[in-house]
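Hi there,

Here is the structure I promised to pass on to you. Have a look at it first, and then read my notes below.

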Amino acid sequence: MQIPGMNDFYNIQNAKLDKDGFIECAVIPLREFVLYPNMVTPLFIGRDRSLAALMAAQANGETVIGVAQRDINQSDPQAEDMFHIGTEMAMGRPMRMPDGSTSVLVQGRRRIEIVSVIQSTPYLRVKARPLTEPPVKTREADGLRRAVLTLFDKCISLNPNLSEESYIYAMNIDDPGWLADLIASTLDIKMDERQSLLEMLNPMQRLQRISVLLGYELDVLEIEEQINAQVQQEVNRGQREVYLREQMRAIQSELGEIDIFQQELTELRDKIEQSSMPKEVQDKANKELARLTMMPSMAPEVGIIRTYLDWLIELPWGKASEDNLDVDNAAKVLDAEHFGLPKAKDRILEHIAVRKLAADKMKSPILCFVGPPGTGKTSLGRSIAKALGREFVRVSLGGVRDEAEIRGHRRTYIGALPGRILQTMRRAGTINPVFMLDEIDKLGHDFRGDPAAALLEVLDPEQNNAYSDHYLEVSYDLSKVMFITTANSLDPVPPALLDRLEVIEFNGYIEEEKLVIAHQFLIPRKLEEHGLEKKHIVFEEDALRMIVREYTYEAGVRNFEREIANVCRKLARKIAANQKFHKRVTAAQLAEYLGPAQFLQERIEDKDQVGLATGVAYTEGGGDVLIVEVMLLPGKGNITFTGQLGEVMQESAQAAHSYARSQAAQLGLKPSIFEKNDIHVHLPEGGIPKDGPSAGITLAAAMISALTKRPIHSKIAMTGEITLRGKVLPVGGIKEKLTAAYRTGLRKIIMPERNRKDVVEIPKKIVNEMEIIYVTEMQEVLDVVLAPAKRRPGAPRKTKTRLTRKPASKSTTTPVASQVAVSVDSATGGTGR
């Protein structure tokens with residue numbers, strides 16, 4: 001049978017030399033391939049420039065030059081991306097392949113050195129010089145040729161990938177250079193080595209290098225042969241050992257002796273019968289045990305099946321803890337270990353009460369504790385288990401990126417195990433523990449799957465009564481487990497997973513709450529841990545306040561506890577060294593114990609200034625005061641933002657600017673003031689990112705102050721989102737913002753009317769000592785914060801609108817902590833986003 005295109009390239013002549021001894025040819029880059037002279041091989045072409053070169057050569061009946069490219073990942077190589085020495089080759093008739101590429105049979109003719117580039121488009125065409133090989137000595141060539149053929153024969157005998165036809169073809173080649181090229185094309189050598197052989201013009205040197213490569217290849221093949229022989233010997237030895245052990249078992253059976261393997265099988269059978277597995281699971285276990293019984297004790301699958309049966313036996317299928325349904329006792333346990341957190345405590349007490357009345361009808365809740373770090377989410381889960389009398393188990397999901405971590409690996413994999421859910425249930429030992437899934441917002445996902453998606457079945461009360469693990473391959477009932485998840489933010493949690501969770505907000509503690517926690521929990525615990533409980537050490541309240549304000553910056557109490565422990569260590573060291581120490585820890589001594597203050601409180605300006613407004617922000621540390629500076633500069637009406645303002649805050653500033661322009665006539669401003677001046681908006685502490693819409697009225701007040709030259713009262717804080725028409729919309733984080741204003745010394749604050757309901761959650765001490773002004777329009781804000789302007793003749797007198805401070809009966813706000821370092825907003829009630 002004749003190969004299509006075989007005779008085509010035999011009819012093609014080599015490129016003719018010009019008067020200077022050069023040829024002109026098209027170039028086809030070769031990717032990870034080197035073609036040697038006299039070699040015939042198929043070539044697959046898919047790049048447009050290479051196809052253009054092929055078609056041009058076919059049309060003109062010319063040869064082309066095949067040159068290897070230096071970087072195989074280069075999709076469109078230029079002349080400088082290829083080696084300078086290649087092979088002139090003749091091409092047969094091209095054939096279209098099913099994958100869209102073009103296949104053509106090529107024959108290498110002679111070595112070519114590229115001299116210069118003639119054209120680059122539509123294909124590469126170069127001027128090249130044919131390379132000639134020097135003559136060789138016949139006697140030396142014959143000796144080296146025989147040595148190379150001997151090595152090549154040995155390699156073929158050991159390497160199944162090399163055919164006998166290659167050796168027969170090599171035996172009939174007398175030219176040493178041709179022989180070297182043939183063997184080089186059959187060996188599995190690196191690309192750089194192939195190109196080096198192509199660039200080596202001396203046939204004797206080339207053949208000598210081939211002999212070295214064959215010697216190395218022969219050594220590798222001999223070592224591989226030895227390894228295969230050893231493996232085969234071990235396999236035969238294992239089969240012989242299995243045969244002998246079977247004989248030993250038969251002999252022991254005849255003599256009535258005990259077989260250890262049979263004894264283990266009997267123990268497994270008894271454990272399966274004594275377990276409280278469902279019938280479906282018990283049938284699966286008995287089936288696997290029957291397979292194990294039929295296997296030799298040293299079979300590879302024995303360990304896999306034995307591990308699987310151990311998991312089935314040790315998982316709790318029916319053992320449950322008896323719930324303590326005493327509501328009063330549960331309330332005492334929760335209050336004894338945690339301060340505040342009324343929503344979470346009430347939800348647990350309600351669950352206990354309903355279980356007491358309708359235990360069989362109620363499904364276990366799926367709770368989600370959301371709040372800043374250090375607010376007691378994980379420790380409250382432990383207290384809930386203690387109040388219910390259940391086992392407490394915890395799994396940290398932070399950084400989990402593999403779905404198999406949740407669902408387990410299939411048993412086909414070596415070392416497969418169930419997922420973390422069933423591993424933890426085995427550790428719990430009961431079917432109704434309090435199961436905490438910590439840091440659910442830190443889950444990741446990659447090519448191995450999405451762990452959050454795997455949790456959908458676990459945290460769905462309608463599905464988790466038949467939870468399926470890849471390793472177990474039988475259903476497991478998780479419906480009696482009380483799942484509690486924790487998160488610092490709900491933003492990363494997928495909507496489908498969030499829909500299955502009952503979210504309970506953990507707000508950051510205000511300063512007064514931290515002081516109560518310190519006196520009730522932290523100080524007694526740390527004095528006991530450091531052996532100071534009998535030394536009558538007392539922390540003064542001023543010292544505790546200074547620690548909260550100047551040595552910690554957090555919503556929780558984790559660092560607060562750490563600083564108290566730091567003071568206790570300093571005192572313990574003095575006592576151990578018999579040195580004098582103060583039994584009362586005062587604010588003046590903190591610099592000695594803790595060093596200089598780490599955080600400086602924001603200072604409010606005493607003097608009212610133009611373009612300087614005071615806002616309040618929700619932060620990860622609870623809340624803070626936010627200073628807004630606006631300055632008017634000669635320009636062309638541009639607005640500049642500095643201080644790391646986020647996109648939402650910049651949009652709020654744009655809305656405030658548009659409102660100011662729309663109210664120019666009412667404010668007594670000329671329209672040209674917006675066109676001839678630039679506005680620079682700056683928020684100090686530029687190293688901290690800031691975002692959110694709730695600084696809208698603060699930005700608007702500062703802008704209007706700068707435009708009208710009317711100072712702003714510096715002792716009035718404000719928060720609220722502004723619309724283009726001057727409406728003031730509700731915002732979130734009211735508790736934290738009011739607390740920050742109170743802590744800074746501000747006693748008057750402006751907030752949206754629709755946030756009146758959120759004041760219920762704020763301590764009465766703060767509400768009673770602060771004047772809260774509720775507003776619905778931006779004009780009401782300006783009437784309060786701006787210094788009076790000179791009234792124009794004939795203009796109506798403006799009256800100040802101040803609404804009463806009557807809180808609603810119940811708050812429906814659910815603040816959400818932002819992920820940025822400082823956020824001037826958190827979502828509230830679905831409106832103030």
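One term before we start: a polar contact is a pair of N or O atoms within 3.5 Å, and within protein one of them must be able to donate a hydrogen and the other to accept it. Please also keep in mind that this is a predicted model.

With that term in hand, look at Arg411. Its side chain makes a polar contact with the side chain of Glu473, at 3.3 Å. You will find Arg411 in the loop that runs between helix 13 (404-407) and helix 14 (420-428). Is Arg411 buried or exposed? Its relative accessible area is 16%, so it counts as buried, the cut-off for that being under 20%. Leaving aside residues up to four places away in sequence, Arg411 touches Lys284, Glu288, Tyr308, Ala416, Tyr471 and Glu473.

Now for the whole protein. It has 26 helices and 27 strands. Its radius of gyration is 41 Å, whereas a compact globule of 833 residues would have one near 28 Å. Along the principal axes, the C-alpha atoms fill a box of roughly 115 × 100 × 65 Å.

How much of the protein counts as buried? The share is 49% of the 833 residues. The exposed surface comes to about 41900 Å², with carbon and sulfur atoms supplying 51% of it. If you take the contacts between residues at least 6 apart in sequence, 74% join residues at least 24 apart.

Finally, the charges: there are 108 positive and 114 negative side chains, and the centres of these two sets lie 9 Å apart.

Enjoy exploring!

Key. Residues are numbered from 1 along each chain as its sequence is written. This is a predicted model: local features need pLDDT of at least 70, side-chain atom pairs count only at pLDDT 80 or more; totals for chains, interfaces and linings use all residues. Side-chain values use heavy atoms; hydrogens and water are left out. Helices (H or I, at least four residues) and strands (E, at least two) are DSSP runs, numbered from the N terminus. The radius of gyration is taken over C-alpha atoms; the globule rule is 2.2 Å times the number of residues to the power 0.38. Buried means under 20% relative accessible area, exposed over 50%, partly exposed in between (1.4 Å probe, protein chains only). Contact means heavy atoms within 4.5 Å. Accessible areas come from the Shrake-Rupley method with a 1.4 Å probe; for residues, only the protein chains shown count as cover. Lys and Arg count as positive and Asp and Glu as negative; His and the chain ends are not counted. The place of a charge is taken as NZ of Lys, CZ of Arg, CG of Asp or CD of Glu.
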